[in-house]
Amino acid sequence: MKISANQIKKLRELTGIGIMDCKDALIKSDGNFDKAINFLRKKGENIAIQRSFLEVKEGALYSSTNENQTFGVTIGLSCETDFLSRSKDFLDFLSMLSKISLLHNNKKKFLSSYYCGKKIQDLIIEKMGVVGEKIELKIFEKIESPFVANYIHNNYKIATLVGFSSYEGINSTIARNIAMHIAAMNPIAIDEKGIPNSIMEKEKEIISYQVEKENKPSNIKDKIILGKIRKFILDNTLLNQKFIKDNKITIQEYMNKYNNNLKINIYNRITFP
């Protein structure tokens, strides 16, 4: 199968792996990016877990919470160029839409709602005429919890919402720190129970494949596999991850400093692209 330079470039951007290794992985995977990433990881390459492969598009994200911080919404607007996605005009428009989005429960209702006498969808179409690029509301995600915090990374490409079990023993600074941690560390789940079986089984397969190549007795290999699986769980579950602002404690230990009964009910971390 012939692999294009653009395919190699995309895989290199996703993984950080060398050009020739990316080309080889794509050839052996018939151009399938998920299979190519899996192939590279089996070889022992250190690549971040990919939950799904999405075609790269330009755009930006914005998240907001209501005044009482009991729910939050993240929206994402796509556009054609990176230049527009970073412009003040585009981001101001996105910020305005984000505040209005708090009044609605889903994307369909939001787009058909009115603001200053015009439908949101029509406002987006009007903006297209001004900026000269196609703009589309691609993302609308809402979460609810007794206390919700948000974080937007300074490039507007990552936005996080996190919902806590209580507002007691927590404030906006503590909650935002955890939302920032989620943006930076990209956990797969809150705890071990939340890891999807498909991801867990794939990881076990990759770890077993790597360890089987080592020249060690079977009982030693079994211990190594169990140890690597445990490390994978600790590294990729939010409560067990080391806090980015203090790597001597975990996120669970950070929360326990303020409220031993505090739990994280839900979170989402959205990237654009």
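In this predicted model, strand β2 (residues 71-79) pairs with β5 in the antiparallel sense over 8 bridges. Strands here are DSSP runs of E with at least two residues, and helices are runs of H or I with at least four, both numbered from the N terminus. Two strands pair if DSSP finds at least two bridges between them.

**Sheet**
- Leu77 stands opposite Leu137 in β5.
- The order β1-β2-β5 describes an open sheet of 3 strands with antiparallel pairing.
- Because β1 (58-65) and β5 (136-144) each have a single partner strand, they stand at the edges, and one side of each is left without a neighbour in the sheet.

- Ser113 lies in the loop between α6 (107-112) and β3 (114-115).
- Ser113 counts as buried because its relative accessibility is 9%, the cut-off being under 20% relative accessible area with a 1.4 Å probe and protein chains only.
- Beyond its neighbours within four places in sequence, Ser113 is in contact with His104, Lys118, Lys119 and Ile120; contact means heavy atoms within 4.5 Å.
- The side chains of Ser113 and His104 are joined by a polar contact of 3.2 Å, that is, a pair of N or O atoms within 3.5 Å, where within protein one must be able to donate a hydrogen and the other to accept it, and residues adjacent in sequence count only if both atoms are side-chain atoms.

**Basis of the values**
- Local features need pLDDT of at least 70, side-chain atom pairs count only at pLDDT 80 or more, and totals for chains, interfaces and linings use all residues.
- Residues are numbered from 1 along each chain as its sequence is written, and side-chain values use heavy atoms, with hydrogens and water left out.

Note on methods: Buried means under 20% relative accessible area, exposed over 50%, partly exposed in between (1.4 Å probe, protein chains only).
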